[in-house]
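Dear colleague,

I am passing this structure on to you, together with an account of what was found in it. Please look it over first, and then read the notes that follow it.

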Amino acid sequence: IFTEAWQMSAVMEKDSEDQSGFYSTVFSSFSSLIFLAVSGVILCTKPLMRLLVSWDNSPSWQFVPMLTIAMAYSCLATYLGSVFSVKRKSVVSMMTVVAGAVTNIILNFLLIPTQLGANGAALATFCSYFVVFLMRVIATRNMIRIHIGFPKLFFNTILVMAQTVILLNMSSWFLPELVLFAVVALINIWPLLGQAKKLLGRGKA
């Protein structure tokens with residue numbers, strides 16, 4: 001739903017004087033929401049999987065954290081993909097998708113035979129979406145200058161990766177997971193609150 005709505009908004013704002021600011025503001029809020037959701041999903045992975053699947057000897061929960069992080073970068077890459085739609089650069093968009101697919105195939109062959117096993121496939125999926133995202137960041141710079149906020153993005157990624165490592169390797173995982181979720185929330189809640197205040201202000205006006 002968000003993707004559909006965002007693509008419509010992107011087309012409507014294509015002639016805006018502050019197009020760069022518009023894209024940057026939405027990206028900041030969107031990435032904050034995405035990582036807040038990812039951190040929450042990782043925190044709740046084990047309880048949720050106990051409810052949703054047969055828990056006895058089921059390794060399925062182990063694949064959720066890395067796949068969730070992969071989906072975060074899929075969402076961010078899709079967001080940047082709207083620039084190609086607005087600027088009618090579908091060939092560039094396709095090239096990034098092909099690069100991601102090739103990365104995924106190669107890493108699957110390399111990682112699945114290792115001790116990572118099926119988690120190697122999840123890691124390959126993350127890496128492929130990360131490649132697509134980076135390629136789109138570089139490609140869109142000549143079209144619309146979007147402020148990505150790499151320090152925040154990098155820190156968010158490190159935190160959710162740390163959550164993944166803790167969940168997979170520690171028996172007493174809940175407290176450190178809760179602390180990391182709190183840190184992610186502190187980092188990301190302010191951009192969301194700022195945008196909420198602006199929207200409420202416009203509504204009152």
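**An aromatic cluster and its surroundings**

One aromatic cluster is formed by F22, Y23, F27, F30, F35, Y73, Y79, F126, F130 and F133, where rings of Phe, Tyr and Trp (its six-membered ring) are taken to pair if their centres lie within 6.5 Å, and where planes under 30 degrees apart count as stacked, over 60 as edge-to-face and the rest as tilted. Please keep in mind that this is a predicted model, in which local features need pLDDT of at least 70 and side-chain atom pairs count only at pLDDT 80 or more, while totals for chains, interfaces and linings use all residues. Residues are numbered from 1 along each chain as its sequence is written, and side-chain values use heavy atoms, with hydrogens and water left out.

By the ring rule, the count comes to 11 aromatic pairs. The rings of Y23 and Y79 have their centres 6.4 Å apart and their planes at 75 degrees, so this pair is edge-to-face. The pair links distant parts of the chain, since Y23 belongs to helix α2 (residues 19-43) and Y79 to helix α4 (residues 64-87), 56 residues apart. Both Y23 and Y79 are buried, where buried means under 20% relative accessible area, exposed over 50%, and partly exposed in between (1.4 Å probe, protein chains only). W173 and F174 also form an edge-to-face aromatic pair, at 5.8 Å centre to centre and with 75 degrees between the planes. In that pair, W173 is buried, with a relative accessible area of 13%, whereas F174, at 46% relative accessibility, counts as partly exposed.

**The chain as a whole**

The protein chain has eight helices and zero strands, with helices (H or I, at least four residues) and strands (E, at least two) taken as DSSP runs and numbered from the N terminus. Of its 205 residues, 40% count as buried. Among contacts between residues at least 6 apart in sequence, 76% join residues at least 24 apart, contact meaning heavy atoms within 4.5 Å.

**How α5 and α6 pack**

Two packed helices are described by the angle between their axes and the distance between the axes. Helix α5 (residues 90-111) and helix α6 (residues 118-140) pack at an angle of about 155 degrees, with their axes 8 Å apart; the axes are lines fitted to C-alpha atoms, for helices over the stretch in contact, and the angles run from 0 to 180 degrees between N-to-C directions. α5 and α6 are therefore roughly antiparallel to each other, given that angles under 35 degrees count as roughly parallel, over 145 as roughly antiparallel, 65 to 115 as roughly perpendicular and the rest as oblique. The residues of this contact of α5 with α6 divide into 14 nonpolar, nine polar and one charged, on the scheme that Ala, Val, Leu, Ile, Met, Phe, Trp, Tyr, Cys and Pro count as nonpolar, Asp, Glu, Lys and Arg as charged, and the others, Gly among them, as polar.

L123 lies in helix α6 and is partly exposed, with a relative accessible area of 23%. Not counting residues up to four places away in sequence, L123 touches M66, L111 and L116. The C-alpha atoms of L123 and L67 are separated by 7.5 Å, although the two residues are 56 apart along the chain.

**How α2 and α7 pack**

The axes of α2 and helix α7 (residues 150-169) come within 10 Å and cross at roughly 10 degrees, and that makes α2 roughly parallel to α7. The contact is made by S28, S31, S32, F35, V38, S39, I42 and L43 of α2 and by K152, L153, N156, T157, V160, Q163, T164 and L167 of α7. These residues divide into seven nonpolar, eight polar and one charged.

The C-alpha atoms of S28 and K152, which are 124 residues apart along the chain, are separated by 9.5 Å.

With kind regards
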